[in-house]
Amino acid sequence: MKRLLSVLAFLIGIVTYGQTALSNTGSIRIHEKGQIGFHTHFINNAPFDENLGLAGFYGQEQLVLSGALTPIFFDTEIDIDNGLLLNTSLGVINNVNFIAGDVITPKNLDDIYLNFFRDAFYVGEANGSKTDGYVQITNIQDFIFPVGDTDQLRPLTLNSEAVNSTAKCAYFFENPNEPSSLDNSFSTVIRQESLEAIHTVEFWRLEGSERSTITINWNERSNLNALTDTFNTVTVVGWNKSANQWVSIGNTVRAGNFNQGFITSETFVPDDFEIITLGALASPAEVITLDNYLLTPNGDGLNDVLVIPEMQLSPNNSIKIYDRFGLKVFDLINYTNEFDGKSNVNNLVIEKDLGLPEGVYFYVIKLDDLALDYQGFLYLVR
């Protein structure tokens, strides 16, 4: 407590900022196991970037972070009912704990963001606790951006061929023909001939110079039926900067139905595109749908493992299983009923040995001997 009080005393004074605010005009540091709790606005006008310990933002009313310099914290907690508004960027080098409320950045200003540095991560992301605005990564190769709008978490998964010096992402629940948050518009009638339609409900803005694939998802609010009545035509599209039109980025995995699902793109360079969303191809790609399956790994001998009899017809096969956001949780070649509700891949799945949480998952199956592909739902109940 003495350490906390001494650090707060170094935050010079209380100033007027609509309401009270703490203002830093001198160099300070949070030492290991030290803690700072902000219950009012914070104005950072001096270096505050060699920190350990925890910096937390707490309260019911919206707090504002502003100032000339970016504070960089080790661990950060966000527990503000009405969110933390960034008028200057905020950096984190270890962990962000989204407890309640969003981190909000102006969507018309991509130079203000929540920045995750090398090895930084986050927990607690949900519809009511995420980033409503821009997230940037620095010196990170693969990342799931915890972005969304006021109401929903709509993450984008980035998998790059090399480490990104920087990459940045935000989600917009807006019509690209007339986005309210951006100065430019992106007419959905200006598109490649191979594209039948462009989604007009939502889009993502992604910046990055490394060749990458992305995974994005949709839900009932996305209203995919308004895009196409043929699910197998759905693909990833982007507004190409050089061509000044919508072009197909392509897809390697597509799973789900019109109400929920995800799609993974082919490899591309994000900086070649202004924004990214879903589109419909003029010609459908053939995908065969199997049944949906129930898995109840409780040891009673019924549905304890995933059994798909058709896979016995093709010993040379593969199966991939994804969660509802498109995060791969299981991957196996020559499957013979091994999936029992536990992950076998190294990714962001926490405590994978304890088993995956209940919910809806998607499977993608390839039967190489028969040259057939399948996709469908898996319901995991414990």
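**Figure 1. Asparagine 244 and the loop between β19 and β20.** Asparagine 244 lies in the loop between β19 (234-240) and β20. Helices (H or I, at least four residues) and strands (E, at least two) are DSSP runs, numbered from the N terminus. The model is predicted: local features need pLDDT of at least 70, side-chain atom pairs count only at pLDDT 80 or more, and totals for chains, interfaces and linings use all residues. Residues are numbered from 1 along each chain as its sequence is written, and side-chain values use heavy atoms, with hydrogens and water left out. What is the phi of asparagine 244? Phi is near 55 degrees, a positive value in a residue other than glycine. Most residues other than glycine have a negative phi.

Figure 2. Isoleucine 249 sits in the loop between β20 (245-248) and β21 (251-256). Is isoleucine 249 buried or exposed? Its relative accessible area is 6%, so isoleucine 249 is buried. Buried means under 20% relative accessible area, exposed means over 50%, and partly exposed lies in between (1.4 Å probe, protein chains only). Leaving out residues up to four places away in sequence, isoleucine 249 touches Val236, Val237, Gly238, Ser265, Glu266, Phe268, Phe273 and Ile276. Contact means heavy atoms within 4.5 Å. Asparagine 97 is 152 residues from isoleucine 249 along the chain, and their C-alpha atoms are separated by 34 Å.

**Figure 3. Leucine 206 in strand β17.** Strand β17 (residues 203-208) holds leucine 206. Leucine 206 has 1% relative accessibility and therefore counts as buried. Its contacts, with neighbours within four places in sequence set aside, are Phe145, Leu156, Leu158, Lys168, Cys169, Ile214, Phe268, Pro270, Phe273 and Ile276. Leucine 354 is 148 residues away from leucine 206 in sequence and 34 Å away in space, C-alpha to C-alpha.

**Figure 4. Phenylalanine 116 and the nonpolar cores.** A nonpolar core is a set of buried Ala, Val, Leu, Ile, Met, Phe, Trp, Tyr and Cys residues joined through side-chain atoms within 4.5 Å. The largest one has 58 residues. Which residues have the most contacts inside it? They are Phe38, Leu84, Phe116, Phe145, Leu156, Leu206 and Ile214. Strand β14 (residues 135-145) gives the largest share of this core, 6 residues. Phenylalanine 116 is in contact with Val92, Val96, Phe121, Tyr122, Val135, Gln136, Ile137, Thr138, Ile140 and Phe143, leaving aside neighbours within four places in sequence. A second, separate core has 20 residues, including Phe339, Tyr363, Ile365 and Leu378. In soluble globular proteins, nonpolar side chains tend to be buried together.

**Figure 5. Lysine 107 in the loop between β10 and β11.** The loop between β10 (103-104) and β11 (114-116) contains lysine 107. Lysine 107 counts as buried because its relative accessibility is 11%. Setting aside neighbours within four places in sequence, lysine 107 is in contact with Asp132, Gly133, Tyr134, Gly148, Asp149, Tyr171, Phe172, Ser181 and Leu182. Lysine 107 and tyrosine 171 are 64 residues apart in sequence, yet 8.9 Å apart in space, C-alpha to C-alpha.

**Figure 6. Asparagine 184 in the loop between β15 and β16.** Asparagine 184 is found between β15 (156-172) and β16 (195-198), in the loop. At a relative accessible area of 45%, asparagine 184 is partly exposed. Glutamate 274 is 90 residues from asparagine 184 in sequence and 9.6 Å from it in space, C-alpha to C-alpha.

**Figure 7. Serine 318 and asparagine 334.** Serine 318 belongs to strand β26 (residues 317-322). Serine 318 counts as buried, at 14% relative accessibility. Beyond residues up to four places away in sequence, serine 318 touches Met311, Leu332, Ile333, Asn334, Val364, Ile365 and Lys366. Asparagine 334 is in the loop between β27 (328-333) and β28 (359-367). Asparagine 334 is partly exposed, with a relative accessible area of 37%. Phi of asparagine 334 is near 60 degrees, a positive value in a residue other than glycine.
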